[in-house]
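Trainee: I have a structure to read and would like to learn how to go about it. Could you take me through it feature by feature?

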Amino acid sequence: MRAFQILIDGFAISALYALGATGFTLIFGVSGVLNLSHGAIMVAAAVAAWAAASVLGVGTYAGALIGVGVALLAAFATYFAVVKPIQDSRRIPNEEKEIFVLTGTLLWGIMIQELIAYFFTNNAKTVLPIVEGVVDVLGVRTPKNEIFTAIVCCLVIALLWLLVNRTRTGKAVLAASMNPRGVTLLGLELTNIYIVVWGIYGILAGIAGVLLGMFLGVSSYSVGPLTASAFSIVVLGGLGSVSGSLIAAFVVGYLETLTAYLVSPAYRTIPALLLLVFVMYIRPQGLLGRR
Amino acid sequence: MAGFFTSRLFFVSLVLVVIAATLPLYVSGYVLGLLTVAFYFGVFAMAWDLLFGFAGEVNFGPTFLIGVGAYTAGILNAQFGWSVYLCIVLGALASVVAGLVLALPALRVRGPYFGLTTLVAVLMLQNFVVVFADLTGGEIGLTIPDVITINAGANYWIALGFMTISAAILYGLSQSPIGLVLQASGQDPVQAGALGFNIVKHKLAAFIVSAFFSGLSGALLVFYFGTASVGTVVDVAVGVNVIVSAVLGGRRTVLGAALGAIFLIVAGEFLRPTGELATFIVSAVALLVVLFFPGGFLGAALSREARS
């Protein structure tokens, strides 16, 4: 009974983590950018969906769409206002661009977080779920919303896989992650590929954010922990490796759920952090990362 | 090095310190209290700059070192009643030990991986504080019975003196041959190693020095506040402020980091009437500086002087 409960809850959480981390790792793989405003973009999506559905009353479906749209806009804004100027800057030496992108996106994330807190307060918000009710799965009373979350996450990740492996654009993205210079030699504009990747990222982060808002609820305080968990999942799986992140998301998700159920919810994040330190020590490139 | 004592930077710093030292004679206790915190923060930022600006290591967890120093000093005083000065020294030493423990595994990895290791260290410390609430006071914070002094002027002078001495040592170190080796190993570790310098040893030394000053400053800060809490010395947000200070003031300048910290704290106070937007405005200004003046305040000033 309890084992099934852990299995089901863990799956939903892990799928959500996987979706959130996939976009993050995609951007790193393609353009070498670690986007520390990730958590802020997810929360922005959830809060926009909440505001649209609960305050303006446009309905849950339209609300969710608005949330994803806001995340898409926020992702493009991050790229054009923060990341691109730093990458193009001549005054910043190349070897320091990484730390500038980190600092810049971090500040950008704080700005988004503060704006959300200013306009929508710090209170936790739960987005109205698209499906309501409870069903019995293997003797566990499970909210339909939880199942919905897991299914959407898996579907979106499958779609992403198709997009990257089966379409021309996706192949260009894949090529850019392997060898950016080679891609430009083939006559593809690297900036266009980056724009596509940031677009995909925005949609992924938006869906993840809205689902998170329906499943667990968000507040502007969730920004830091969300970024940190995406960051650690991605490093655990190996920076830039999408399949590594998926595995890592399930490892972290189940580890957290197990701890929360069997030990105490207060210790939820500790085993995952310990595992992370351990993996960094014996295998610094992560589970599936390349050196 | 000898050139420094005749340089304009030296005179400007000297004049600023002298002016700052006379402040308690004519400003209110409120301003002094604000600046006292800003000075301790300045030491955090300078210690961080030594590690990042010179050794090229992105340390996302300055508050791990600060927090260990602060909590060690606080716990020893609150739980065992040891004297303030002994606690401060032991706090700094604990921070050095913590720095070593963190540095040994962390220096095996580079770039983002190093950053994450240090970030995880902060999260672990935060969890530790919350889980062992009996010892640490948990989320509410630890109340510390003793303080160094309750005189605002004396506290201010202690902080100013501490910051000045730290700045002199850290700046001297950064301009010394050791600082140059650190800078070389930050920019091109392979080449620096090929020149025969032991990079790991130098980086470890930088880590220890950085940890010592962070811990000492953290310990002094808790005895000034009379309390140690996650929100003031451990939280990731505090670490972000330290990093932003150093980048704002100008990385690789050491002294700029202190300026950045003072600016950040004073600006935050001036913006208090704007309420919740204060953090937004400070972050936006910091972002603009990062985008348009990547050298920071002192970097921009120095390069203008070098050009003219």
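Mentor: Let us start with pairing: two strands pair if DSSP finds at least two bridges between them. Helices (H or I, at least four residues) and strands (E, at least two) are themselves DSSP runs, numbered from the N terminus. This is a predicted model, in which local features need pLDDT of at least 70 and side-chain atom pairs count only at pLDDT 80 or more, while totals for chains, interfaces and linings use all residues. Residues are numbered from 1 along each chain as its sequence is written, and chains are lettered from A and ligands numbered from 1 in the order in which they are written.

Trainee: In which sense do strand β1 and strand β2 of chain A pair?

Mentor: Strand β1 (residues 134–137) and strand β2 (residues 140–143) of chain A pair in the antiparallel sense, over four bridges, and A:V134 stands opposite A:P143 in β2(A). The hairpin they form has two residues between the strands, and there A:L138 takes a positive phi near 55°.

Trainee: What pattern does chain A follow along the sequence?

Mentor: The pattern reads α-α-α-α-β-β-α-α-α-α-α-α-α, with 11 helices and two strands in chain A.

Trainee: How does the radius of gyration of chain A fit that of a compact globule?

Mentor: The radius is taken over C-alpha atoms, and the globule rule is 2.2 Å times the number of residues to the power 0.38. For 291 residues the rule gives a value near 19 Å, and chain A, at 19 Å, agrees with it. A residue is buried if 20 or more other C-beta atoms, placed from the backbone, lie within 10 Å of its own, exposed if 12 or fewer, and partly exposed in between; in chain A, buried residues make up 51% of the 291.

Trainee: Which residues of α14(B) are buried?

Mentor: In α14(B), they are B:V282, B:S283, B:A286, B:L287, B:V289 and B:V290. Because they cover an arc of only 160° around the axis (taken from the directions from the helix axis to the C-beta atoms), they lie on the same side of α14(B). The face turned away from that buried side carries the exposed residues B:L288 and B:F292.

Trainee: How many residues does the contact take from each chain?

Mentor: Two residues are in contact if their C-beta atoms, placed from the backbone, lie within 7 Å. Here the contact takes 38 residues from chain A and 32 residues from chain B, and α4(A) gives the most to the side of chain A that touches chain B, with 15 residues.
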